[in-house]
Amino acid sequence: MPVFTRSSDASQPGDGVSEAEEEQEGGEREEDGREAAASGPGPAPSRTLLGHRLTRLRAWRTRHPRTARTLRLATTALAAALVLGALLLPNTLPALKAASFARVPAEAVIGAVVVLALPRRPRLVAAVLYGLGLTALTTVNLLDMGFNEYLGRGFNAALDWDLLPDAQAYVEDTLGGGVATAVTVGAVVLVLLVAAVMVAATIRLAHVLARHRVRATKGALIAGTVWVTCSALGLTLFGGPIASERGAGALRVHAQRTVESLRDEAAFARQSKADTFGNTPPGELLPDLRGKDVIFTFIESYGRSAIEDPVMAPGVDRTLDASTAALEKAGFAARSGWLTSATYGGSSWLGHSTTMSGLWIDNQRRYRTVSAGDHLTLTKAFQKTGAWDTVGVMPGVQKGWPEEKWYGLDKLYDAFDLGYEGPKFSWSTMPDQYALEAFQRQVHGKKRDKPLMSFVILTSSHQPWAPIPKMVGWDELGDGSVFDAIQKAGNKASDVITDTTKSREEYGKSIQYSVTSLTQWLERYGTDDTVLVFLGDHQPIARVSGNGASRDVPVSIVAKDPKVLDKVADWKWTEGLKPDRDAPVWKMSSFRDRFLKAFGSTPRPSKG
C-alpha cells in the first residue's frame, strides 16, 4: 500500500516526477537508511533508534505526500541558492549587489558533471569536499570584505593571521571585553555553521542530481553550453560577464598572493641587508643638526583626506591655518609635503618603520624581518653619532616592545611610564595633550649634557574617534583626572563606529585635536634649537577616506632656525603646515635617505 499511495501521488498533474524516478528515489533512500544503520559506529541501541526514526520519517511522508514534496523542493532550492551564492559572492561590500549573482558559475556546472559521473560513496566524498571548499571560499571572501573596508586591500593568508589578535584587542579596547569575546566566539561559530550548512547543501544537491540523473545530465549539458557560448561571445548582463568563474578565480588569487608573499620574504631579507648608510661612520651622520633637539612625531591616521575631503577638510584646514599663524607668531616656520604610506587604514607600525628605515615595509612579515636585523633607522642614526640622547614616547604601547633596540632608543616611555591617572578614550590610553605635557615634564624639559632626539607616537586620532578629548589649560592637566568629565560626556564608540557620516565628522575633529595639541606644545615649550618633524602614519579606514582614496599623508618640518629649513629648500615643499595639492609626493620609504643627505650625512653603502 505505501508504494501504491506514493505512485498515485506522483502521477498527479503538475508533479513532473515519473513513477520510475520516485521508485529510484525511494530505493536510494532505503539504501541510505540501511547503510547508516548498519555502518554506524555507535552501539546497537543507537542503530535501532536511527532505524526507528527513519521508519517514522517514511511513514510521515506516506501520510503527507504533498507536504513532504514541498519540503523537499524547498530544501533543494535553498541548497542550490546557498551554493550559487557562495560561488558568486563578491569580496568587497560595494560589489555586494543583486546583479552580482545574475551569473552562470562554471564551478557549479563542473560540480554537477563530477557528481553525475561518480558512484554513490565517491559522490558523497566529493560533495563533502565541495562543501568544505565553498566554506573556505566564503570565509576568504568575508575576510576580503573586512580587510578592504578597513585596510584598503584584500586578506593575505600568508601574512594576515597575526593581525586577527590585534583586531580582537581593538574591539576589546573600543567596545569592551564582553563584546570582544562575543565577536570572537561568534566568528568561530559562524565559520562552523557555514561549513555545516554548505556541506549539507552539497550533499543534498548531489543526491538530487543522482536521483534524477537523466534530466540532471541534460541540464548540465545545457548549462555548460550556455556558459561556453556566453564566454566565447563575451556576453554581459548588468555590467558583468554572464559566464562566471568567480569562485575559482578568488581561490586562485589567494593562492598566488600566498606564493608571492613567501617569495617576497626571501627577497626582502636580502634587500634589508644592503644599506646606503650602513657603513657611514658616526662623525659623518647628521652633522648639520648637531646641537638641535629633534622630534619625530606621528599623528595617528593623519591622511590626505583630512585636508581635502569636503566633510573633514573645512575644520582641519582652519586648524592648520590657525596653527601656522600661531607658530609664526612664536618665531617658527614650517614646510610641508606629501608621503605615500606603506599601509592604509591601520597597522600604524608599518608606516613608522617604513619612514624610519628607508625600506618599503607593507606587511607584518617584512616588519618582523627588518626589525630583527640591524638595518639603520633614522632614529638609530642619531644614537649612533653619540651626540644625542634618544627617547621614545609611546602611550599606545602597553606591553614589552623589543623594537626599541632596533629604533635606537636609549629609553622608552610607554603607557605606564607617563603617570596618567585619567580615563581611557576608547583605544587611546590617554589624550595627546597629556602625553605631550608628560613628555615635557619627564624628558624634554630636563637639563642634560646632550641634545635630545625624540620619537613620539600620538594616539588620540585613532579610530573609532569616540569619545574625543578636548583641550584644557596646560596648567590644569595634573595627573589626567581632569579628563574624567570630558570622557563621560563624549560620544560612545558604538554610536560612531556604525555611522559612516558620523565617523567622518568625528575623525576630522580628532585630527584637529591632535594637531592643536602638538602645535600648542611647540609654541609653549619649543626653543631656538627645536626641530619638529611630524606626519601621519596612514590614511583613515576606507569607510572614512572613501573607496579609491590615495595612500598619501601630510608631512611637515617646523623650526625657528632658518638654516634648518634652508637645508630642505630644494624639496620644494609648501610654506606652512598645509601642503598644496600639487606639492611633491614621495614614497614614505624615501624619506630617511633624503633627510640624512639634506642634513649633511655621507652615504657609505653596505652590501647584503
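# Questions about a predicted model

User: What makes H13 largely enclosed by the rest of the structure?

Analyst: Helix H13 covers residues 348–357; helices (H or I, at least four residues) and strands (E, at least two) are DSSP runs, numbered from the N terminus. Since buried means under 20% relative accessible area (exposed is over 50%, partly exposed in between, with a 1.4 Å probe and protein chains only), and 9 of the 10 residues of H13 are buried, this helix is largely enclosed by the rest of the structure. Its buried residues are Ser 348, Leu 350, Gly 351, His 352, Ser 353, Thr 354, Thr 355, Met 356 and Ser 357.

User: How do you know whether Ser 336 is buried or exposed?

Analyst: Ser 336, which lies in strand S6 (residues 333–340), has a relative accessible area of 0%, so it is buried. Not counting residues up to four places away in sequence, Ser 336 touches Val 555, Ser 556, Trp 573, Thr 574, Gly 576, Leu 577, Lys 578, Pro 579 and Ala 583, where contact means heavy atoms within 4.5 Å.

User: Where is Asp 309 found, and is it buried or exposed?

Analyst: Asp 309 is found in the loop between helix H11 (304–308) and helix H12 (313–329), and because its relative accessible area is 11%, Asp 309 is buried. A polar atom of its side chain lies 2.8 Å from the backbone nitrogen of Val 311. Leaving aside neighbours within four places in sequence, Asp 309 is in contact with Pro 314 and Arg 504. The C-alpha atoms of Asp 309 and Val 544 are separated by 9.6 Å, although these residues are 235 apart along the chain.

User: What is the phi of Leu 286, and what is that of Ser 301?

Analyst: Leu 286 is not a glycine, yet it has a positive phi of about 55 degrees; Ser 301, also a residue other than glycine, has a positive phi near 60 degrees. Leu 286 sits in the loop between helix H10 (246–271) and strand S5 (293–299), and at 0% relative accessibility it counts as buried. Ser 301 is in the loop between S5 and H11, and with a relative accessible area of 3% it is buried.

User: Which peptide bonds are cis, from Gln 463 and from Ala 466?

Analyst: The bond from Gln 463 to Pro 464 is cis, with omega near 20 degrees, and a cis bond with omega of about -10 degrees joins Ala 466 and Pro 467. Pro 464 is found in the loop between strand S9 (452–458) and helix H18 (484–489), and Pro 467 is also in the loop between S9 and H18.

User: How do you know which strands S7 is joined to?

Analyst: Two strands pair if DSSP finds at least two bridges between them. Strand S7 is joined to S9 by 5 bridges, running parallel, and to strand S8 (residues 411–413) by 3 bridges, also running parallel, so S7 pairs with S9 and with S8. Val 393 stands opposite Val 456 in S9, while Val 391 stands opposite Lys 411 in S8. S7 (residues 389–393) is mostly covered, with 4 of its 5 residues buried.

Notes:
Residues are numbered from 1 along each chain as its sequence is written. This is a predicted model: local features need pLDDT of at least 70, side-chain atom pairs count only at pLDDT 80 or more; totals for chains, interfaces and linings use all residues. Side-chain values use heavy atoms; hydrogens and water are left out. A polar contact is a pair of N or O atoms within 3.5 Å; within protein, one must be able to donate a hydrogen and the other to accept it, and residues adjacent in sequence count only if both atoms are side-chain atoms.
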